[in-house]
Every structure is written in structure tokens, then in C-alpha cells.
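Biologist: Hi! I'm new to this one, could you show it to me and walk me through it?
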Amino acid sequence: MPEDRRWHHQGRALRATQVIHTSVVQVVQVGEREDGAVFVVKEHVHGPSLRRVLGEANKRQRRVPPWVSVHVMTRVLQALRDVFATPNGGFLCHGDVRPATVFLGFDGRVKLGDCTGSPVP
């Protein structure tokens, strides 16, 4: 990996360690292997991604109940509001909210992954 890309990924990962919220997958550790590759250790969420849930529902020709959809979207939007609104009134952008980055815990919690944030111009 080129040096500038490595620093970019490492910087994003280090910013993610500063994001602490009950609805965000926590980054536990960021490091670098001997070969220079950056690694990230994240909190394990006991449950599937929204992508997997939607895929399974589609395979069985079923729909996700509306109350589940509302619960998931409410939690995702709350996490985005709480985490990405900055104290000075500006905002950071998640940039990658999609079913694969939303996780549904078996305990009912919804967690948003890949929360590094980029400034909005």
C-alpha cells in the first residue's frame, strides 16, 4: 500500500477510536503490523448486519416488519445526530451508511459501524 494511503487509513482509524456512543461500533485498537499494514480491532456485535437480515427476508420473499424498520432507522439517525454534529454547529459526514454498516444486536441494540467522519465543506 502506498505510504499516503496507509497514513490516510491509519488516520481515519485513529479518529474512529475517539467516537464513543452506545449506537456506534467501538474501535478498540489501531496498530501496524511489521509489514506496514494497518489493522483495526473493533467491538464484536452479537447479531447480523442489516444487509444480512434484508437478504434473508428477500430470499424467503418476506418483508421486514415496519416497526423493525422504524426502530433501526431511528437508532441510526440518532447515532448520526449525536456523533457527527460538532460543538461549533458544523457537521462531520459518515459517508458510508448502508445496510452492511448497520448491525442489529440480538439484544435489540442497533449499532452503526465505520464511524470515522470527514468534515463537510
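Predicted model: local features only at pLDDT ≥ 70, side-chain atom pairs only at ≥ 80, totals over all residues.

Biologist: Thanks! Which residues make up the largest nonpolar core?
Modeller: That core has 7 residues: Leu50, Val72, Val76, Val102, Leu104, Val110 and Leu112. Helix 3 (66-84), strand 4 (102-104) and strand 5 (110-112) are the elements that give two or more residues to this core.

Biologist: And what is Val102 in contact with, leaving aside its neighbours within four places in sequence?
Modeller: With those neighbours left out, Val102 is in contact with Pro48, Ser49, Leu50, Val72, Val76, Val110, Lys111 and Leu112.

Biologist: Back to helix 3. Which of its residues are buried?
Modeller: Val72, Val76, Ala79, Val83 and Phe84 are buried there. Down the helix axis, the buried residues fall within an arc of 90°, so they line one face of helix 3. On the other side, Pro66, Trp67, Val70, Leu77 and Arg81 are exposed.

Biologist: How many residues does helix 3 have?
Modeller: Helix 3 has 19 residues, and from first C-alpha to last it reaches 26 Å, close to the 27 Å expected at 1.5 Å a residue.

Biologist: New topic: is Ser23 buried or exposed?
Modeller: Ser23 counts as buried because its relative accessibility is 9%, under the 20% cut-off. Ser23 sits in the loop between helix 1 (3-16) and strand 1 (27-32). Apart from neighbours within four places in sequence, Ser23 is in contact with Arg75, Ala79, Val110, Lys111 and Leu112.

Biologist: What about Gln61, buried or exposed?
Modeller: Gln61 counts as exposed, at 74% relative accessibility. Gln61 lies in the loop between helix 2 (50-59) and helix 3, and has a positive phi of about 55° although it is not a glycine.

Technical notes:
Residues numbered from 1 in each chain as written. Heavy atoms only, no water. Core = buried A, V, L, I, M, F, W, Y, C linked by side-chain atoms within 4.5 Å. Buried < 20%, exposed > 50% of the residue type's maximum accessible area, 1.4 Å probe, protein only. Helix = DSSP H or I, 4+ residues; strand = E, 2+ residues; numbered from the N terminus. Contact = heavy atoms within 4.5 Å. Expected span 1.5 Å × (residues − 1). Arc of directions from axis to C-beta.
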